[in-house]
Amino acid sequence: MFKTTAVTFLAIATSFSVLFSPPQKSYYHSLFVSNSLSDNASISHHLHTLTRRPHVAGTEANSEAAAYVLSTLSSCNMDAHIVSYEVLLTYPASRSLTLTRPPPDPPITFVLKQEIYEGDPYADVANQVQPTFHAYAKSGSVTGPVVYVNYGRVEDYDTLKDMGVNVTGTVVLARYGQIYRGDIVMNAFDAGAIGALIYTDKKDYGGGGGDAKWFPDDKWMPPSGVQVGTVYNGSGDPTTPGWASSEGCERLSVEEVERSGDVPLIPSLPISGADGETILRSIGGQVAKDDWQGSKDAPTYKVGPGPGVVNLDYNGKQVIATIQNVIGIIEGSEEPDRFIILGNHRDAWTFGAVDPNSGTAALLEVAQRLWKLQKKGWKPRRTIILCNWDAEEYGLIGSTEWVEDNRELLASRAVAYLNVDCAVSGAGFHASATPQLDELLKQAAKEVQDPDNSSQTIYQQWLGFHDSPEVSGLNDSYNLSGWSVYFIGLHQSWHSLTCT
C-alpha cells in the first residue's frame with residue numbers, strides 16, 4: 001500500500017507538467033508507475049527510520065529526522081538543503097487535574113498518562129512522548145463546577161442557554177469531533193467558562209463501546225488514549241504574523257499575541273475517554289438530549305453545572321526554537337521558472353507512523369523514483385520542488401514561514417501544490433482538492449493498480465467505497481498564505497500515543 005500511495009502521488013504530480021492538455025502516455029510515465037523501479041523495501045525502510053522514536057518539532061529527535069530526509073534527497077542528486085527558522089513553540093511544564101465529587105465519594109486525582117500495551121515494540125522509548133497537552137494552551141489554575149457541552153459548538157451553547165444552564169464560571173467538558181479543538185476552547189471562553197477539558201468519547205473514537213475492541217486489536221482509541229494537538233487558530237509563528245521568523249527578527253510580545261485572538265485565553269487540557277467518562281458520572285442536573293448521549297454502554301449524560309468540581313492546573317513553557325524545513329529542487333528543462341511543489345510535514349506529536357511520516361516515506365520514494373528516471377534520460381518540463389515541512393502540528397508553521405520568506409517568488413512562479421500527510425491509514429482512497437483538479441485525481445487513480453486486488457485500479461476500488469468517486473473540498477487551513485495555485489491533499493488522522 002505504501003508503494004501504491006507513492007505511485008499515486010507522482011502519477012498526479014507528473015501530470016501537472018501538462019496540466020491543461022491530456023498528455024500522450026510517455027515511456028517515462030509508464031516506467032514511473034510500473035513496479036520495476038523499486039519495491040516495498042525502500043519505502044518501508046524510510047517509514048521505520050523516521051518513526052523509531054517520538055519527534056515533536058524543536059526536539060533533537062526531529063532534527064535527526066530532518067538530517068535523514070536531507071541525506072535521502074541529496075543522494076538523489078538534487079539540490080537539497082535545510083531552511084531554518086526561529087519560532088515560538090510551547091511544551092508542557094506541569095499539569096494536573098483533580099475531580100471533587102459529592103460525599104461520600106473521595107476526590108480523584110487523574111494520572112493523565114497514556115498506557116502502553118503488552119508487546120508494544122516501542123515501549124522502550126514511550127517515555128520520550130511529551131505529556132498530553134494542547135500546544136499554545138493558556139497557563140493557569142482554575143477550579144469550578146463542570147458543565148457538559150457536547151461538541152462545544154456555538155449551537156451547543158445555544159441549547160444549554162435554552163435549557164437555562166449558565167456556563168459562566170464553570171469548567172466545560174467537551175468531546176472531540178465536529179469542530180476544531182481550538183474553536184472548542186474559544187467557544188468556551190466566549191460563553192464565560194474559565195477552563196476547558198476535551199475528551200475522546202467512545203461513541204466517536206471507541207467503536208461505539210460495547211464489544212468493540214481497541215488498538216492494537218482494532219483501530220479504535222484505547223480507553224487511556226488522548227488526542228493531543230494545537231489550539232492555535234492562526235498559521236505560522238504567532239509572534240511574526242505576515243513575516244518570516246528569521247534569526248533576530250522583530251516579534252510580537254506574548255501580550256500582543258494574546259490580543260490577536262488566535263490563542264486561547266483560558267486553560268485547556270485534552271483527556272482520555274476513561275477520564276472523561278469518570279467526570280461525566282459526577283455531573284448532575286438535566287439529562288442531555290439524545291444526540292448528546294454517548295455509546296450504548298455509557299452512563300446517562302447530564303449537563304450540570306456540577307455537582308462535580310474540577311481543579312485544572314496547566315503550566316506551559318514557551319520557547320523560541322529552531323525548526324528545519326528540508327527542500328529539494330529538480331530544475332525543469334523547458335520552463336525552469338514554473339514550480340510544481342510537492343509537500344509533506346515531518347514533525348509528529350508522537351511517533352507519526354500515519355500522520356505524517358507515511359506521507360514522508362511516500363515523498364522520499366517519489367524522490368528516488370525521479371532520480372532513477374533521470375538516470376535513464378528523463379528531465380522534468382517544469383521545476384519540481386520537494387518540501388518537507390517542520391512544526392506543521394503547531395499551526396502550519398514551517399510551510400507558512402517559508403511562504404512568507406519567498407512570497408514574491410512563489411506568487412509569480414508556483415503553478416501547483418500537492419500535499420500528502422497521511423498516505424496510509426486504513427482501507428479506501430480519499431482525497432481533497434481545488435475543483436480544477438478533480439479530474440486529474442481521477443485520471444491518476446485510474447493508472448495505479450490496487451495493491452489489494454491486482455485485477456482492478458485504485459479508481460475502481462474508490463468506486464467500491466462510493467457510488468461516485470468523491471473529491472472533497474479543501475479546509476481553510478490548507479490556504480498556504482493565499483497562493484493562487486491549484487492544490488491536492490491526501491488525508492489525515494488523530495494524534496495519540498497509539499498513532500503508530
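Two strands are said to pair if DSSP finds at least two bridges between them. Helices (H or I, at least four residues) and strands (E, at least two) are DSSP runs, numbered from the N terminus. The structure is a predicted model, in which local features need pLDDT of at least 70 and side-chain atom pairs count only at pLDDT 80 or more, while totals for chains, interfaces and linings use all residues. Residues are numbered from 1 along each chain as its sequence is written, and side-chain values use heavy atoms, with hydrogens and water left out.

In strand β11, Cys 387 stands opposite Ile 327. Strand β9 (residues 309-330) pairs with β11 in the antiparallel sense, over 5 bridges. The pairing of β10 with β11 is parallel and covers 8 bridges; here Ile 340 has Ile 384 of β11 as its bridge partner. Of the 8 residues of β11, 8 are buried, so the strand is largely enclosed by the rest of the structure. Buried means under 20% relative accessible area, exposed over 50%, and partly exposed in between (1.4 Å probe, protein chains only).

Together, β10, α10 and β11 make a right-handed β-α-β unit. A crossover is right-handed if, with the strands pointing away from the viewer, the path from the first strand over the helix to the second runs clockwise. Helix α10 is largely enclosed by the rest of the structure, because 15 of its 19 residues are buried. Just after α10, Gly 377 has a positive phi of about 105 degrees.

A search of the whole structure finds 13 aromatic pairs. Rings of Phe, Tyr and Trp (its six-membered ring) pair if their centres lie within 6.5 Å; planes under 30 degrees apart count as stacked, over 60 as edge-to-face and the rest as tilted. Trp 349 and Tyr 394 form a tilted pair, with 4.8 Å between centres and 50 degrees between planes. This pair links distant parts of the chain, 45 residues apart: Trp 349 lies in the loop between β10 (335-345) and α10 (357-375), and Tyr 394 in helix α11 (residues 392-395). Both Trp 349 and Tyr 394 are buried.

A further tilted pair joins Trp 389 and Trp 402, at 5.2 Å centre to centre and 55 degrees between the planes. Trp 389 belongs to strand β11 (residues 382-389) and Trp 402 to helix α12 (residues 397-405), so the pair ties together parts that are 13 residues apart in sequence. Trp 389 is buried, with a relative accessible area of 3%, and Trp 402 is buried at 8%.
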